[in-house]
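Hi everyone, thanks for making time this morning. I'd like to walk you through one structure, so let me put it up on the screen.

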Amino acid sequence: MRKIWLITKREYLSRVTKKTFIVMTILGPILIALFYAVIIGISINQKTGERTKTIGVIDHSGLFANSLINPPKVNFIYADTSLSNINFEVDGWLIIPKDFTLGSPKRLLYKSTQAPTLDIQGKLTRAIESATKNKKLILNGLRQTFLDSLNLNISMTTMEINKSGELTNSKAELNFGLGVAFAFIIYFFIFMYGVQVMRGVMEEKTNRIVEIIISSVKPFQLMMGKILGIAMVGLTQFLIWIGLSGVLMAFISLTFALPMDTISNTIGESGGAQNQGIPNIMNAFFDLDIGFYALIFLFYFLFGYLLYSAMFAAVGSAVDSESDTQQFMLPITLPLIISFATSFSILSSDPNGSMATFMSIFPLSSPIIMMVRLPFNPPWEELALSMIVLVATFIVFTWLAGRIYKVGILAIGKKPTYKQLFKWMLLK
Amino acid sequence: MNLLEIKNVSKYYATHKALENVSLSVPEGCIYGLLGPNGAGKTTLIRIINQIATLDAGSIIFDKEPLNQKHIYNIGYLPEERGLYKKQKVWDQMIYFGQLKGLSTAEAKKRSETWLLKFDLMPWKNKKVEELSKGMQQKVQFIITVLHRPRLLILDEPFTGFDPINAEIIKNEIKALKASGTTIVYSTHRMESVEEICDNICLLNRANKILDGSVKDIKMANSKNLFEIIFEGQIPEWIEIVSHEKLEDGQCKVIFNAGHMNRSEIIKRLASEVNIWSFREVVPSIHQLFIDKVKEVNHA
């Protein structure tokens with residue numbers, strides 16, 4: 001045990017003291033915060049900063065005089081067909097041809113100095129379409145007041161019934177967001193640190209340090225020490241990120257308290273249903289059992305990483321150069337990529353469906369998929385089964401990987417085939 | 001007493017045999033030359049002693065006990081392919097490897113300092129290994145091998161990569177280690193230094209042992225009782241000439257087979273007939289023996 005500890009310590013310290021680690025660890029949250037600031041900035045700009053466009057309407061058909069409904073951010077101005085009263089500036093002209101009738105609507109014409117966006121084109125055609133439809137409905141005996149009453153704006157409040165039968169506010173948006181965040185973080189960390197394990201193993205193999213080390217320690221101890229050391233690097237980085245992000249978030253929300261209100265207001269304006277979105281999410285977030293989530297997250301984070309990095313270590317031991325790793329990397333990374341890709345569809349369709357259930361128990365996908373499901377309260381027995389299967393697979397895979405590793409680190413030369421790797425597993 | 005006994009050891013790989021029924025004994029406190037051409041099985045044998053590789057048949061006794069995991073603290077190994085962590089500082093690395101070999105941190109520090117002073121590496125203590133010259137890296141590697149004061153030191157081609165001056169320093173360190181009681185297995189396919197530093201040797205070829213014993217005994221056994229004299233005068237008729245050569249100043253160099261006569265008889269007889277300038281026994285060099293034996297076996 002002392003040796004695994006020594007190796008873990010060396011792996012940890014040699015990585016944590018690297019300049020790239022320190023830079024990434026400090027810059028990471030700043031970059032993420034910047035990224036969000038830019039996104040929020042852009043969306044505020046779009047909602048509030050978008051200029052109302054003035055569109056001149058020249059109606060040769062005479063059907064729509066002053067009767068078009070202004071779409072959002074568009075203002076119609078009507079020009080005389082003789083074009084005599086034009087003393088205003090417009091962004092474009094919408095021309096309705098003379099032969100445009102309610103029975104046979106003809107193609108419209110739009111003229112402007114700047115090419116119109118798809119958004120404007122859609123708004124204009126929809127305005128004419130709905131005006132035409134309304135006129136036809138009135139012609140067929142419906143009253144305008146009745147038509148106005150058809151414009152509905154219905155919103156919905158979602159409630160959740162918890163185990164003890166109480167109603168709570170639904171946290172659908174938050175659940176979705178948490179699911180995505182969990183899936184992304186676990187995927188990202190397994191990949192990033194798994195590859196570091198592989199590189200570390202290859203470094204020792206190609207530098208021939210390994211022969212000296214394993215004349216002092218068992219290959220399995222070396223492999224485990226390396227995997228654990230890098231796991232601790234990952235945890236350290238993650239914890240620092242959480243800490244720094246918290247500080248940054250607090251700083252941002254204090255500094256920009258007013259603009260944050262504006263955001264929720266503008267979002268509220270554009271879509272009535274999300275009116276109480278932001279405060280709701282805030283409340284829901286504080287309702288969560290954060291301690292429980294954190295524990296489960298740590299579990300899947302750790303064992304998912306351990307399972308995959310054992311395989312990465314085996315690959316690193318089997319090859320001599322980075323370019324040879326591709327062939328063996330694919331079968332390892334495939335389940336990871338597939339689970340990450342499916343996590344979105346699982347989130348948006350059925351987080352407790354049979355596909356999701358299977359993938360959250362299957363050990364190669366469970367670290368990502370079970371974390372995605374977690375905010376949607378999966379049955380506890382599925383959670384327990386998934387955890388047990390993951391730990392059991394971790395033990396078996398690490399044992400097998402250790403056997404490949406033991407032979408691989410001393411085998412220099414030709415790249416082995418899958419058949420050989422299999423044989424290595426069975427060697428005594 | 002033998003520190004290490006290899007008994008009927010065999011090792012097979014999928015496509016070839018690496019060692020076949022090899023037995024040898026390494027007496028305590030000697031320098032034991034493990035010789036053989038490339039691919040003879042030297043490295044495999046060394047890896048088995050280091051418990052890096054397993055053996056398929058046979059047994060190994062270390063200090064009267066079957067070789068086991070605890071013996072790694074008594075063995076130091078300098079592999080032919082050297083390796084250090086390039087990005088790690090010399091000092092940290094020495095402590096780390098010392099600890100892996102069971103030293104306490106304090107002890108590892110104390111010993112590292114002594115060795116760094118001895119090899120004039122103190123100014124490089126906090127440099128990364130990659131900043132050192134190749135010779136200095138080799139010295140660091142050597143220190144790491146001997147830091148835990150192993151009873152058995154296994155050196156695989158220890159002089160490669162050293163200039164003659166540093167090779168001399170290392171050679172003296174090896175001799176000093178022997179003087180302090182360390183048993184040393186010295187593996188090489190270069191013969192130059194073998195006679196100078198080895199007490200015993202074993203010659204491996206194609207997975208088999210073809211010769212072993214003390215250097216003196218092997219030379220005696222392979223001596224053909226040849227002598228070389230340089231003299232002035234007529235070549236005596238009673239000697240069985242193998243080769244002769246006229247030198248300047250009327251001198252003559254003759255190599256002859258003394259047959260059943262012994263050294264003092266020859267000298268007495270020669271001295272009465274010619275003016276002797278030099279007289280020596282022609283002993284086969286280990287280098288020559290190595291080549292002859294390997295050829296002999298490979299042609300058989």
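Let's begin with one pair of side chains: Arg47(B) and Glu211(A) form a salt bridge, and their closest N and O atoms sit 3.1 Å apart. Please keep in mind that this is a predicted model. In total, the count of salt bridges between chain B and chain A is two. For polar contacts between chain B and chain A, the count is eight residue pairs, with both residues at pLDDT 80 or more.

Which part of chain B gives the largest share of the side that touches chain A? That is helix α2 of chain B, residues 90-100, which supplies four residues. If you sort that side of chain B by class, you find twelve nonpolar, eight polar and five charged residues.

Now let's step back to the whole interface. Here, 20 residues of chain A are in contact with 25 residues of chain B. For chain A and chain B, about 2,300 Å² is buried between them, and carbon and sulfur atoms carry 55% of that.

Finally, a few words on chain A itself. Chain A contains six strands and 15 helices. Of its 428 residues, 42% are buried. Among the contacts in chain A with a separation of 6 or more, 70% join residues 24 or more positions apart. The accessible surface of chain A is about 23,600 Å², with 67% of it belonging to carbon and sulfur atoms.

Methods. Residues numbered from 1 in each chain as written. Chains lettered and ligands numbered in written order. Heavy atoms only, no water. Helix = DSSP H or I, 4+ residues; strand = E, 2+ residues; numbered from the N terminus. Buried < 20%, exposed > 50% of the residue type's maximum accessible area, 1.4 Å probe, protein only. Contact = heavy atoms within 4.5 Å. Areas by Shrake-Rupley, 256 points an atom, 1.4 Å probe, with all protein chains shown as cover. Buried area = accessible area lost by both parts, 1.4 Å probe. Salt bridge = Lys/Arg side-chain N within 4 Å of Asp/Glu carboxyl O. Polar contact = N/O pair within 3.5 Å; in protein donor to acceptor, adjacent residues only side chain to side chain. Nonpolar A, V, L, I, M, F, W, Y, C, P; charged D, E, K, R; others polar.
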